[in-house]
Amino acid sequence: MIVNLKNPATNQVKQCKAGFSWTMFFFGFWVPLFRGDWKWLIIMLLLDLIGIFTFGVVTTVANIVMSFLYNKLYIQDLIANGFKPSDQASVNILQQKGIAFNGMAA
């Protein structure tokens, strides 16, 4: 399910997938790097650094767990930065996924 988010202040539009992140599952820290999501990039790099000392166990577990959580966390960060759903379908998807937002669609 794709969510359309728009920042009314900058008119920037982002399309985000809601649900499981296959890209995070396969590519790990590269996903937040290419999305410009610096907070989660640093967190994933720290987990990967710890993973070096555990023969990759921490990295593997972190990638699996983040695959289920990352898209929701990314959307929540965008909403916290002023993005709003741009259509009613996006509002319905966010409500279905349990993602809170303020106000109506942009």
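User: Which residues count as buried, and what share of the chain do they make up?
Analyst: Buried means under 20% relative accessible area. The model is predicted, and its chain has 106 residues. Buried residues make up 34% of them.

User: What pattern do the helices and strands follow along the sequence?
Analyst: The chain has five helices and three strands. Read along the sequence, their pattern is β-β-α-α-α-α-β-α.

User: Among contacts between residues at least 6 apart in sequence, how many join residues at least 24 apart?
Analyst: Contact here means heavy atoms within 4.5 Å. Of the contacts between residues at least 6 apart in sequence, the part that joins residues at least 24 apart is 55%.

User: Is A80 buried or exposed?
Analyst: A80 is found in helix α4, which covers residues 57-80. The cut-off for exposed is over 50% relative accessible area. A80 has 66% relative accessibility, so A80 counts as exposed.

User: How far apart are A80 and A100 in space?
Analyst: In sequence, A80 and A100 are 20 residues apart. From C-alpha to C-alpha, the distance in space is 10.0 Å.

User: Is the aromatic pair of F20 and W22 stacked or edge-to-face?
Analyst: The count of aromatic pairs comes to nine. F20 and W22 form one with 4.7 Å centre to centre and 70 degrees between the planes. Planes over 60 degrees apart count as edge-to-face, so the pair of F20 and W22 is edge-to-face.

User: Which residues do ring pairs link into a cluster with F20?
Analyst: F20 itself counts as partly exposed, because its relative accessibility is 23%. Ring pairs link F20 into a cluster with W22, F25, F26 and F68.

User: Are Y70 and Y74 buried or exposed?
Analyst: Both lie in helix α4, four residues apart, about one turn of the helix. Y70 has a relative accessible area of 0%, so Y70 is buried. At 8% relative accessibility, Y74 also counts as buried.

User: What kind of aromatic pair do Y70 and Y74 form?
Analyst: Their ring centres are 5.9 Å apart, with 20 degrees between the planes. Planes under 30 degrees apart count as stacked, so the pair of Y70 and Y74 is stacked.

User: Which residue lies over the face of Y74?
Analyst: The distance from the ring centre of Y74 is 4.7 Å. The residue over the face is R35.

How values were computed
Residues numbered from 1 in each chain as written. Predicted model: local features only at pLDDT ≥ 70, side-chain atom pairs only at ≥ 80, totals over all residues. Heavy atoms only, no water. Helix = DSSP H or I, 4+ residues; strand = E, 2+ residues; numbered from the N terminus. Buried < 20%, exposed > 50% of the residue type's maximum accessible area, 1.4 Å probe, protein only. Phe/Tyr/Trp six-rings, centres within 6.5 Å; stacked < 30°, edge-to-face > 60°. Lys NZ or Arg CZ within 6 Å of the ring centre and 35° of its normal.
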